[in-house]
Amino acid sequence: LESLKDAAHRFFALPADAKAVYLKGVSPSPFVKYGTSFAPEQEKALEWKDFVSMVYTNDGDAQQHWPKECK
(Lines give C-alpha, C1' and ligand atoms only; values in the text may rest on other atoms or scores of the structure.)
Protein backbone atom coordinates (compact mmCIF):
# COMPACT_ATOMS: atom_id res chain seq x y z
CA LEU A 1 0.00 0.00 0.00
CA GLU A 2 2.85 2.39 0.80
CA SER A 3 4.42 1.73 -2.63
CA LEU A 4 1.11 2.57 -4.28
CA LYS A 5 0.85 5.83 -2.36
CA ASP A 6 4.46 6.70 -3.23
CA ALA A 7 3.79 6.06 -6.93
CA ALA A 8 0.71 8.31 -6.84
CA HIS A 9 2.68 11.09 -5.13
CA ARG A 10 5.43 10.82 -7.77
CA PHE A 11 2.90 11.05 -10.61
CA PHE A 12 1.01 14.02 -9.18
CA ALA A 13 4.29 15.80 -8.37
CA LEU A 14 5.10 15.91 -12.10
CA PRO A 15 4.79 19.25 -13.91
CA ALA A 16 1.38 19.84 -15.51
CA ASP A 17 2.67 19.30 -19.05
CA ALA A 18 4.16 15.91 -18.14
CA LYS A 19 0.85 14.74 -16.65
CA ALA A 20 -1.13 16.20 -19.58
CA VAL A 21 0.43 13.58 -21.87
CA TYR A 22 -1.96 11.09 -20.25
CA LEU A 23 -5.14 13.21 -20.43
CA LYS A 24 -8.28 11.31 -21.30
CA GLY A 25 -8.79 11.35 -25.06
CA VAL A 26 -5.13 11.93 -25.95
CA SER A 27 -3.25 9.44 -23.78
CA PRO A 28 -0.74 7.41 -25.79
CA SER A 29 -1.51 4.47 -23.53
CA PRO A 30 -4.74 2.49 -23.70
CA PHE A 31 -4.18 1.65 -20.02
CA VAL A 32 -3.60 5.11 -18.49
CA LYS A 33 -6.06 8.01 -18.23
CA TYR A 34 -5.49 11.26 -16.34
CA GLY A 35 -8.23 13.76 -15.68
CA THR A 36 -9.80 16.30 -13.39
CA SER A 37 -13.27 17.01 -12.08
CA PHE A 38 -12.62 20.79 -12.08
CA ALA A 39 -15.38 22.63 -13.99
CA PRO A 40 -15.69 26.20 -12.63
CA GLU A 41 -18.54 27.03 -15.00
CA GLN A 42 -20.64 24.25 -13.43
CA GLU A 43 -19.70 24.50 -9.76
CA LYS A 44 -20.49 27.02 -7.03
CA ALA A 45 -17.60 25.87 -4.84
CA LEU A 46 -14.21 25.71 -6.52
CA GLU A 47 -13.30 22.23 -5.40
CA TRP A 48 -11.91 19.54 -7.62
CA LYS A 49 -9.95 16.36 -7.74
CA ASP A 50 -7.35 15.18 -10.19
CA PHE A 51 -7.19 11.47 -10.86
CA VAL A 52 -5.17 8.91 -12.75
CA SER A 53 -6.61 5.56 -13.77
CA MET A 54 -4.24 2.75 -14.68
CA VAL A 55 -5.49 -0.62 -15.83
CA TYR A 56 -3.38 -3.64 -14.97
CA THR A 57 -3.55 -6.54 -17.42
CA ASN A 58 -0.10 -8.03 -16.95
CA ASP A 59 3.45 -7.02 -15.99
CA GLY A 60 4.52 -6.55 -19.62
CA ASP A 61 1.73 -4.11 -20.44
CA ALA A 62 2.31 -2.21 -17.20
CA GLN A 63 6.05 -1.89 -17.91
CA GLN A 64 5.38 -0.74 -21.47
CA HIS A 65 2.42 1.62 -20.97
CA TRP A 66 2.40 3.00 -17.42
CA PRO A 67 4.24 6.24 -16.58
CA LYS A 68 7.73 5.44 -15.27
CA GLU A 69 6.86 7.22 -11.99
CA CYS A 70 4.16 4.60 -11.36
CA LYS A 71 6.10 1.42 -12.05
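## A quick tour of the predicted chain

The protein chain has 3 helices and 2 strands, where helices (H or I, at least four residues) and strands (E, at least two) are DSSP runs numbered from the N terminus. Follow the sequence along and the pattern reads α-α-β-β-α.

A word on the ground rules. This is a predicted model, in which local features need pLDDT of at least 70 and side-chain atom pairs count only at pLDDT 80 or more, while totals for chains, interfaces and linings use all residues. Residues are numbered from 1 along each chain as its sequence is written, and side-chain values use heavy atoms, with hydrogens and water left out.

### Inside

How much of the protein chain is buried? Of its 71 residues, 25% are; buried means under 20% relative accessible area, exposed over 50%, and partly exposed in between (1.4 Å probe, protein chains only).

The largest nonpolar core has 9 residues: Phe 11, Leu 14, Tyr 22, Phe 31, Val 32, Tyr 34, Ala 62, Trp 66 and Cys 70. A nonpolar core here is a set of buried Ala, Val, Leu, Ile, Met, Phe, Trp, Tyr and Cys residues joined through side-chain atoms within 4.5 Å.

Let's zoom in on Ala 62, which sits in helix H3 (residues 59-65). Ala 62 counts as buried because its relative accessibility is 9%. Leaving aside neighbours within four places in sequence, Ala 62 is in contact (heavy atoms within 4.5 Å) with Tyr 56 and Lys 71. Ala 62 and Val 32 are 30 residues apart along the chain, and their C-alpha atoms are separated by 9.5 Å.

Phe 31 is another core member. With neighbours within four places in sequence again set aside, its contacts include Ser 53, Met 54, His 65 and Trp 66.

### Charged pairs

Side chains of opposite charge can pair when their charged atoms come close. The whole structure holds 2 salt bridges, each a side-chain nitrogen of Lys or Arg within 4 Å of a carboxyl oxygen of Asp or Glu.

| Salt bridge | Closest N and O atoms |
|---|---|
| Lys 5 with Glu 2 | 3.0 Å |
| Lys 68 with Glu 69 | 3.7 Å |

Lys 5 and Glu 2 both lie in helix H1 (residues 2-12), 3 residues apart, or about one turn of the helix. Lys 5 is partly exposed, because its relative accessible area is 38%.

Is Lys 68 buried or exposed? Lys 68 is exposed, at 66% relative accessible area, whereas Glu 69 is buried, at 16%.
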